[in-house]
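Here is a short briefing to read alongside the structure. Keep the viewer open and follow the topics one by one.

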Amino acid sequence: MRTYETIFIVNPQIVGDEYTAVLDKFKSVLTDQNAEILKFAEWGTKRLAYPVKKHEHGTYVLVNFNAENTVVKEFERRMRLDDSIIKFQTLLLEGGFEAPLATEAAEAADDVDEENDESEE
Amino acid sequence: MAFAKKSSPRRFGRRKGCRFCADNTLKIDYKEVRTLRYFISERGKIVPRRISGNCAIHQRKVTEAIKRARNIALLSFTSNRTVD
């Protein structure tokens with residue numbers, strides 16, 4: 001068993017019941033193969049940094065799970081087939097899954113002293 | 001003698017040292033675009049180590065995180081258009 005982290009982008013035009021159906025479908029893809037879902041987070045619809053399959057926006061979903069490597073293969077295959085998923089990325093978490101601390105978010109970014117020589121053309 | 005040595009070599013220096021080594025509560029994560037943005041130029045390029053001051057280990061992690069964020073459209077490959 002290994003810990004993985006998958007982040008996928010759902011087509012932003014899919015909302016409401018259809019959207020939950022997509023999520024349930026991919027949840028069941030994992031659970032049917034005895035994967036253990038550790039975390040399932042919906043980030044909501046965001047603007048993409050660059051257009052993906054002609055979409056300017058996308059609905060991000062993050063899922064952490066424990067599974068065998070064959071499960072990942074099948075999960076990615078199913079995402080590739082489904083038109084409602086426009087992009088996905090799976091990472092192997094070598095250190096295992098650790099729940100993020102609440103204090104982390106509170107940590108403000110500290111100042112940058114570097115001067116940037118790049119200029120906008 | 002006329003050639004008196006200058007006492008202060010550099011007054012206005014950049015802050016030296018790796019910020020991740022100095023503060024080990026800071027995490028490098030591709031999902032946290034806000035932390036990564038310090039290491040990206042206006043054109044979306046990764047800032048080199050000689051400018052950012054990162055140590056080798058952390059620069060490598062930052063680079064990897066930026067590339068992951070780019071892959072999943074959290075950061076752009078080229079311009080300054082980023083997701084917040």
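Chain B runs α-α-α-α from its N terminus, and its secondary structure amounts to 4 helices and 0 strands. Please keep in mind that this is a predicted model. Chain A brings an open sheet of 4 strands, and a nonpolar core of 32 residues takes in members such as Phe8(A) and Leu36(B).

**Chain B**

- Of the 84 residues in chain B, 21% are buried.
- When contacts in chain B between residues at least 6 apart in sequence are considered, 67% of them join residues at least 24 apart.
- Thr35(B) sits in helix α2 of chain B, which covers residues 33-36.
- Thr35(B) counts as buried because 20 other C-beta atoms lie within 10 Å.
- From Thr35(B) to Val62(B) there are 27 residues in sequence, and their C-alpha atoms are 9.5 Å apart in space.

**The sheet of chain A**

- The 4 strands of the open sheet follow the order β2-β3-β1-β4 in chain A, with antiparallel pairing.
- At the edges are β2 (36-52) and β4 of chain A, each of which pairs on one side only.
- On average, neighbouring strands of this sheet are turned by 20° against each other, direction ignored.
- Helix α2 of chain A (residues 69-81) packs on the sheet and touches β1, β3 and β4 of chain A; the direction of this helix makes about 165° with that of β4(A).

**Strand pairs, one by one**

- β2(A) and β3(A) are joined in the antiparallel sense by 11 bridges, and here Ile37(A) stands opposite Phe65(A) of β3(A).
- Strand β1 of chain A (residues 2-10) runs antiparallel to β3 of chain A (residues 55-67), with 9 bridges between them; Glu5(A) faces Asn64(A) in β3(A).
- β1(A) also runs antiparallel to β4 of chain A (residues 85-92), this time through 7 bridges, and Ile7(A) has Gln89(A) in β4(A) as its bridge partner.

**The nonpolar core**

- Which residues touch the most other members of the largest nonpolar core? They are Phe8(A), Ile9(A), Leu36(B), Ile66(B), Ala69(B) and Leu75(B).
- At least two residues of this core come from each of β1, α1 (16-32), β2, β3, α2 and β4 of chain A, and from α4 (56-71) of chain B.
- β1(A) gives the most to this core, namely 5 residues.
- Leaving aside neighbours within four places in sequence, Ile9(A) is in contact with residues including Val52(A), Tyr60(A), Ile85(A) and Ile86(A), and also with Ala73(B) of the other chain.

**Helix α1 of chain A and positive phi angles**

- The 17 residues of α1(A) reach 24 Å from the first C-alpha to the last, close to the 24 Å expected at 1.5 Å a residue.
- Just after α1(A) comes Asn34(A), with a positive phi of about 65°.
- Lys54(A), although not a glycine, has a positive phi of about 65°, and this residue lies in the loop between β2 and β3 of chain A.
- Is Lys54(A) buried or exposed? Lys54(A) is exposed, because 6 C-beta neighbours lie inside 10 Å.
- Ala73(B) is not a glycine either, yet has a positive phi of about 65°; Ala73(B) belongs to the segment after α4 of chain B.
- Ala73(B) is buried, because 25 other C-beta atoms lie within 10 Å.

How values were computed: Residues are numbered from 1 along each chain as its sequence is written. Chains are lettered from A and ligands numbered from 1 in the order in which they are written. This is a predicted model: local features need pLDDT of at least 70, side-chain atom pairs count only at pLDDT 80 or more; totals for chains, interfaces and linings use all residues. Two strands pair if DSSP finds at least two bridges between them. Axes are lines fitted to C-alpha atoms, for helices over the stretch in contact, and angles run from 0 to 180 degrees between N-to-C directions. Two residues are in contact if their C-beta atoms, placed from the backbone, lie within 7 Å. A residue is buried if 20 or more other C-beta atoms lie within 10 Å of its own, exposed if 12 or fewer, and partly exposed in between; C-beta atoms are placed from the backbone. A nonpolar core is a set of buried Ala, Val, Leu, Ile, Met, Phe, Trp, Tyr and Cys residues joined through C-beta atoms within 7 Å. The expected span of a helix is 1.5 Å times one less than its number of residues.
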